[in-house]
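Have the sequence and the 3D view ready side by side.

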Amino acid sequence: GVGGFSFGGGTTAVATPTAPAALSFGGALTSTPPALSFGAAAPAAANAVSTLAPAAAAASGGFSFGGAPAATAAPTAPKPPANLSMNNVDTGLVVAEHAPVVRSLTALFKACEAAAGANPARRKEVDDSSKRLAGLLWKLNQADVSASVCGKLLQLCAALDGGDVAAATQVQVVLTTSDWDEGSSWLTALKRLLKMRQALG
């Protein structure tokens, strides 16, 4: 008959009628199935689960639901307005130390803009320079210009204010050589405007 179910160590008797020891079908004896045991299979199943768990974690990339929280994305840096120009750039937050840069570069641009007049080619250059140079002033307003570049710009503008365009151009060359990665968006405009200013005498 059913000998009993085993769940750990001892055998628990099942209160069911005892089945006959054998069944006979045409002379052949058929033995009854052996007792079922769940206690012995449990460790094997546990081992299988413990073996599969690391593999599943590796396959899924090692996600952790109980560890450290997921890292949040870094905030994106603000970008200048699309229609930025020397006529509308905001410089109200530029620190007093860098105000001479704003004042001198604005004067440089105004002189070149007036000299361009209605000449289509010159106007195109001036308009492009307006966007690029305004980008520099916008960065100054955001305090997003390195101390090294600010120092060189102060030297350049001091030369401009003294009427020494050649000395200002030399500082621009140094900026192009040493700080191109930071100033590539506006250095070409500065070079162009200095060249135009030099031609004005």
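Leaving out neighbours within four places in sequence, Q198 is in contact with V165 and A166, where contact means heavy atoms within 4.5 Å. Q198 sits in helix α6. Helices here are DSSP runs of H or I with at least four residues, strands are E runs of at least two, and both are numbered from the N terminus. Q198 is partly exposed, with a relative accessible area of 43%. On that scale, buried is under 20%, exposed is over 50% and partly exposed is in between, using a 1.4 Å probe and protein chains only. The C-alpha atoms of Q198 and T169 are 9.2 Å apart, although 29 residues separate the two along the chain.

A quick word on what you're looking at: this is a predicted model, in which local features need pLDDT of at least 70 and side-chain atom pairs count only at pLDDT 80 or more, while totals for chains, interfaces and linings use all residues. Residues are numbered from 1 along each chain as its sequence is written, and side-chain values use heavy atoms, with hydrogens and water left out.

Now zoom out. The chain has six helices and four strands, and along the sequence they follow the pattern β-β-β-β-α-α-α-α-α-α. Of its 201 residues, 25% count as buried. Take the contacts with a separation of 6 or more: 66% of them join residues 24 or more positions apart.

| Helix | Residues | First to last C-alpha | Expected at 1.5 Å a residue |
|---|---|---|---|
| α4 | 15 residues | 21 Å | 21 Å |

The expected span is 1.5 Å times one less than the number of residues in the helix.

Which residues of α4 are buried? They are V149, C150, K152, L153, L156, C157, A159 and L160. Their cover includes α2, α3, α5 and α6. Just after α4, G163 takes a positive phi of about 80 degrees.

How do α4 and α6 run relative to each other? Their axes come within 14 Å and cross at roughly 10 degrees. That makes α4 roughly parallel to α6, a label for angles under 35 degrees. The axes are lines fitted to C-alpha atoms over the stretch in contact, and the angle between N-to-C directions can run from 0 to 180 degrees. On the α4 side, V149, L153, L156 and L160 meet E182, W186, L190 and L194 of α6. Sorted by type, the residues of this contact are seven nonpolar, no polar and one charged.

In the largest nonpolar core, which has 36 residues, L105, L108, L140, L156, W186, L190 and L194 touch the most other members. Such a core is a set of buried Ala, Val, Leu, Ile, Met, Phe, Trp, Tyr and Cys residues joined through side-chain atoms within 4.5 Å. Helices α2, α3, α4, α5 and α6 each give two or more residues to this core. Not counting residues up to four places away, L156 touches L105, A168, V171, Q172, L175, L190 and L194.

Finally, look at S85, in the loop between α1 and α2. Is S85 buried or exposed? S85 is buried, with a relative accessible area of 15%. Beyond its neighbours within four places, S85 is in contact with S130 and A134, and both of these are among the buried residues of α3.

Key: Parallel < 35°, antiparallel > 145°, perpendicular 65-115°, else oblique. Nonpolar A, V, L, I, M, F, W, Y, C, P; charged D, E, K, R; others polar.
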